[in-house]
Amino acid sequence: MSKRKILLHACCAPCAAPCCEKLLKENFDLTLFFSNSNISPFSEYEKRRNELERLAKLMGVPLEIDSYEHEDWLRAVAGLENEFEKGPRCTECFKHNLRRASEKAESLGIESFSTTLTISPHKDSTVIFKAASSYPCFIPFDFKKNNGFARSIELSRQFGLYRQGYCGCEFSNSQQAFNKKN
Ligand code: SF4
């Protein structure tokens with residue numbers, strides 16, 4: 001029987017590692033997709049992209065890389081810059097990246113897609129599923145189930161993966177710095 005193809009939108013290597021492990025065990029024909037124009041500054045984007053390239057090689061999984069369109073992403077979240085993490089800016093951010101993943105899956109002839117975003121304990125999986133609800137080919141994996149995040153920490157240690165200290169955008173970065181000071 002042929003394997004079911006899936007494109008997995010990956011936010012970063014530490015989150016991708018346990019998701020890849022699970023999907024490979026479940027016999028999916030997996031392709032990773034790095035599409036994260038939300039990440040700022042560009043040096044941080046490059047750091048996360050390079051780390052995912054390293055992980056993809058280690059796990060023997062093909063990787064597709066999207067172009068970096070931060071100005072487009074800023075337009076998608078315009079007016080929501082001062083919202084707190086987990087608020088409406090994040091919903092628009094999920095929609096932006098999931099739309100890119102859906103379009104990429106279609107262009108590659110891959111019948112389904114999903115995202116590693118649900119592994120984070122800081123992200124509500126139901127909000128991510130809702131953001132993807134207009135895509136019938138989206139598979140709603142809730143990767144934080146069965147200690148997914150703990151496994152992410154274990155695999156990060158095993159592979160020596162870089163773990164970032166903030167979600168991704170400039171607004172989450174400045175909020176994190178503010179929280180540390182106060
Ligand atoms: S905090 Fe994270 S999820 Fe929310 S808008 Fe910024 S990068 Fe996107």
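Predicted model: local features only at pLDDT ≥ 70, side-chain atom pairs only at ≥ 80, totals over all residues.
User: Why is His70 called buried?

Analyst: His70 has a relative accessible area of 10%. Buried means under 20%, so His70 qualifies as buried. His70 is found in helix 3, residues 70–76.

User: What makes the approach of the His70 side chain to the backbone oxygen of Ser37 a polar contact?

Analyst: A polar atom of the His70 side chain lies 2.6 Å from that oxygen of Ser37. The limit for a pair of N or O atoms is 3.5 Å, therefore the distance falls within it.

User: How do you know that Ser152 is buried?

Analyst: The relative accessibility of Ser152 is 0%; because the label requires a value under 20%, Ser152 counts as buried. Ser152 lies in helix 6, and its side chain is joined to that of Arg163 by a polar contact of 3.2 Å.

User: Why is the pairing of Glu92 with Lys95 called a salt bridge?

Analyst: The closest N and O atoms of Glu92 and Lys95 are 3.5 Å apart. The cut-off is 4 Å, so the pair meets the criterion. Both belong to helix 4, where they are 3 residues apart, about one helical turn.

User: Are Glu44 and Arg48, which form a salt bridge, buried or exposed?

Analyst: Glu44 has 8% relative accessibility and Arg48 has 2%. The threshold is under 20%, so both count as buried. Their closest N and O atoms are 2.7 Å apart.

Notes
Residues numbered from 1 in each chain as written. Heavy atoms only, no water. Helix = DSSP H or I, 4+ residues; strand = E, 2+ residues; numbered from the N terminus. Buried < 20%, exposed > 50% of the residue type's maximum accessible area, 1.4 Å probe, protein only. Polar contact = N/O pair within 3.5 Å; in protein donor to acceptor, adjacent residues only side chain to side chain. Salt bridge = Lys/Arg side-chain N within 4 Å of Asp/Glu carboxyl O.
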